[in-house]
Amino acid sequence: MRRSRTFIPTAKEAPSDATLPSHKFLIRGGFINQQGAGLYNFMPLGKIVLEKIRAIVKEELDNAGCLEVQLSFVTPIGLWERSGRSEAMGKEMLRIKDRHENEFVLSPTNEEAIVELVKNRVTSYKDLPLNLYQINTKFRDEARPRYGLMRGREFLMKDGYSFHSSEEDMIREFHLMEETYKKIFTRLGLDFRVVAADSGAIGGEGSKEFHVLANSGEDTLVVCEACDYGANIETIFESEEEIDALKAKSYDELQELKIEKRCSCDAELHFKKGIEVGHIFQLETKYSAALEAHFSDENGRAKPFEMATFGIGVSRLVAAVIEQNHDEEGCIWTKATAPYLVNIMISNIKETSQVELGEALYAKLVESGVDTMLDDSKERFGFKMKDAELIGFPYTVIIGKELENGLVQIFDRKTKENIPVAADNIYGKIMELVK
RNA sequence: CGGGGUGUAGCUCAGUAUGGUUAGAGUACUUGGUUUGGGACCAAGGGGCCGAAGGUUCGAGUCCUUUCACCCCGACCA
């Protein structure tokens with residue numbers, strides 16, 4: 001993509017109401033803009049990031065045997081009355097009426113819909129297991145949306161539901177999804193922990209949360225530095241007072257606290273803050289029994305499906321990547337999430353030698369399948385650098401003054417190093433880095 | 001849902017206490033010129049029903065009433 005042909009409205013100042021780094025930088029970098037409380041538009045750059053994350057989620061789930069579906073976003077109220085959640089979820093569900101005065105709900109989650117979909121269509125143990133998922137908009141009418149994409153009302157979430165003929169098989173799938181989620185977050189380049197969690201309002205026994213570690217996270221965790229153990233404090237401290245006191249502490253305050261207990265691997269435990277980006281539950285027969293979704297077992301007996309459910313906050317991940325990877329200057333995208341992996345910066349657009357090299361390199365990288373931005377804007381050097389840092393391209397090729405001596409530089413966003421490279425070797429060097 | 005706050009240019013904000021020419025600054029934008037390795041400089045421009053509605057007044061950004069929106073702290077939640 002050429003900088004001169006795209007739409008990336010970057011700004012020097014952040015809106016005064018943005019407090020988190022991800023919120024500030026995603027707005028300043030021209031990724032998103034706010035439409036209303038908890039409502040965001042994704043501009044071209046933000047949309048690319050969102051789609052990259054979505055693609056990785058989809059690829060790993062498909063590899064694990066899950067099937068993608070798409071459920072309707074507007075759902076009849078009756079669906080929620082039958083499960084009792086119309087009342088249970090209360091005002092968190094946004095209710096609307098159509099022209100006939102019929103009541104509908106904007107889907108906050110889809111257990112009911114998926115059970116209705118599978119019920120009477122999958123009728124034999126021979127057709128099980130089945131794991132269906134979608135990556136679709138959700139709406140939860142939060143009492144207090146905040147923190148940009150971190151806690152929106154409308155958000156993109158992957159929700160998956162599996163159906164099984166036995167509890168053992170459901171647990172097998174639960175473990176398979178745990179491993180699949182680990183692959184996804186690893187591919188995204190994130191430092192994360194899987195922690196035991198409260199099962200919350202969704203219900204059912206056995207649930208695990210996936211947290212991206214970041215100082216600004218809303219959840220407080222206990223993690224082991226040596227192994228991959230982690231737990232939400234809600235599950236390991238007994239008293240409410242103790243939990244509340246810990247929740248109230250800032251990241252810095254938590255770092256000074258000592259934990260007496262040691263990890264089962266005998267290493268020390270520490271407090272960390274986490275952003276919940278994934279959650280998996282063993283539902284067992286909670287919904288299938290309530291909604292009378294049955295199958296015939298080997299003996300021809302009707303039984304409710306054993307179920308599990310699996311969620312990933314896709315749009316929240318966009319924010320989580322930045323919460324974990326940023327500095328004072330802006331975003332630092334991981335290789336897998338960067339809207340463009342390489343930014344070719346022509347320092348002075350009036351220098352034909354710079355333009356020629358930039359165009360040639362751009363053509364070669366695009367041909368090689370590398371997501372590349374060609375900064376062919378008329379801005380000055382300093383402006384372009386600030387912009388590149390704010391947007392957070394992992395690598396910027398600086399084609400500038402040194403070209404007279406046959407040199408260009410590669411600016412590494414993460415380390416902020418300027419690496420001189422012979423202009424003749426730049427293509428090979430970049431290909432090495434982006435591998 | 002309790003408590004607090006804010007709506008003035010695309011963005012960040014003055015101005016409102018004590019009503020009074022044509023509503024300001026910075027930044028962004030347009031044009032011309034000079035610049036060209038870390039968000040340049042000079043000059044000239046464009047851009048506002050002062051969130052909305054109603055009221056008081058000779059006169060309202062400023063006072064009154066209603067309303068809408070957004071933010072912060074807490075509770076709740078993924």
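Reply: Angles over 145 degrees between two axes count as roughly antiparallel, and angles under 35 degrees as roughly parallel. The model considered here is a predicted one.

Me: Are H2 and H6 roughly parallel or antiparallel to each other?
Reply: The axes of helix H2 (residues 44-63) and helix H6 (residues 167-187) come within 10 Å and cross at roughly 150 degrees. The crossing is right-handed. H2 and H6 are therefore roughly antiparallel.

Me: Which residues in H6 are met by residues in H2?
Reply: The residues of the contact of H2 with H6 divide into four nonpolar, one polar and three charged. From H2 come Ile56, Val57, Glu60 and Leu61. In H6 they meet Thr180, Lys183, Ile184 and Arg187.

Me: Is tyrosine 133 buried or exposed?
Reply: Tyrosine 133 is found in strand E7 (residues 130-139). Leaving aside its neighbours within four places in sequence, tyrosine 133 is in contact with Leu61, Cys66, Glu68, Lys158, Asp159 and Gly160. A residue counts as buried if 20 or more other C-beta atoms lie within 10 Å of its own. Tyrosine 133 has 26 such atoms, and is therefore buried.

Me: Which element gives the largest share of the surface near RNA strand B?
Reply: Of the 46 residues around RNA strand B, Pro15, Ser16, Phe381, Gly382 and Gly400 come nearest. The elements that give two or more residues to this surface are strand E13 (269-284) and helix H13 (381-391). Its residues divide into twelve nonpolar, 14 polar and 20 charged. The largest share, eight residues, comes from H13.

Me: How many residues of helix H11 are buried?
Reply: The buried residues in H11 include Arg316, Glu323 and Gln324, as well as Leu317 and Ile322. Helix H11 (residues 314-324) is largely enclosed by the rest of the structure, because the number of its residues that are buried is eleven of the eleven.

Me: What is the phi of glutamate 101?
Reply: Most residues other than glycine have a negative phi. Glutamate 101 lies in the loop between strand E5 (95-97) and strand E6 (103-106), and is exposed, with 6 other C-beta atoms within 10 Å. Although it is not a glycine, glutamate 101 has a positive phi of about 70 degrees.

Me: Which residues are joined by a cis peptide bond with omega of about 0 degrees?
Reply: Most peptide bonds are trans. Proline 129 lies in the loop between helix H5 (111-118) and E7. The cis bond joins leucine 128 and proline 129.

Terms used:
Residues are numbered from 1 along each chain as its sequence is written. Chains are lettered from A and ligands numbered from 1 in the order in which they are written. This is a predicted model: local features need pLDDT of at least 70, side-chain atom pairs count only at pLDDT 80 or more; totals for chains, interfaces and linings use all residues. Axes are lines fitted to C-alpha atoms, for helices over the stretch in contact, and angles run from 0 to 180 degrees between N-to-C directions. Helices (H or I, at least four residues) and strands (E, at least two) are DSSP runs, numbered from the N terminus. Angles under 35 degrees count as roughly parallel, over 145 as roughly antiparallel, 65 to 115 as roughly perpendicular and the rest as oblique. A crossing is left-handed if the near helix is turned anticlockwise from the far one by less than a right angle, and right-handed if clockwise. Two residues are in contact if their C-beta atoms, placed from the backbone, lie within 7 Å. Ala, Val, Leu, Ile, Met, Phe, Trp, Tyr, Cys and Pro count as nonpolar, Asp, Glu, Lys and Arg as charged, and the others, Gly among them, as polar. A residue is near a molecule or strand if its C-beta atom, placed from the backbone, lies within 6 Å of it. A residue is buried if 20 or more other C-beta atoms lie within 10 Å of its own, exposed if 12 or fewer, and partly exposed in between; C-beta atoms are placed from the backbone.
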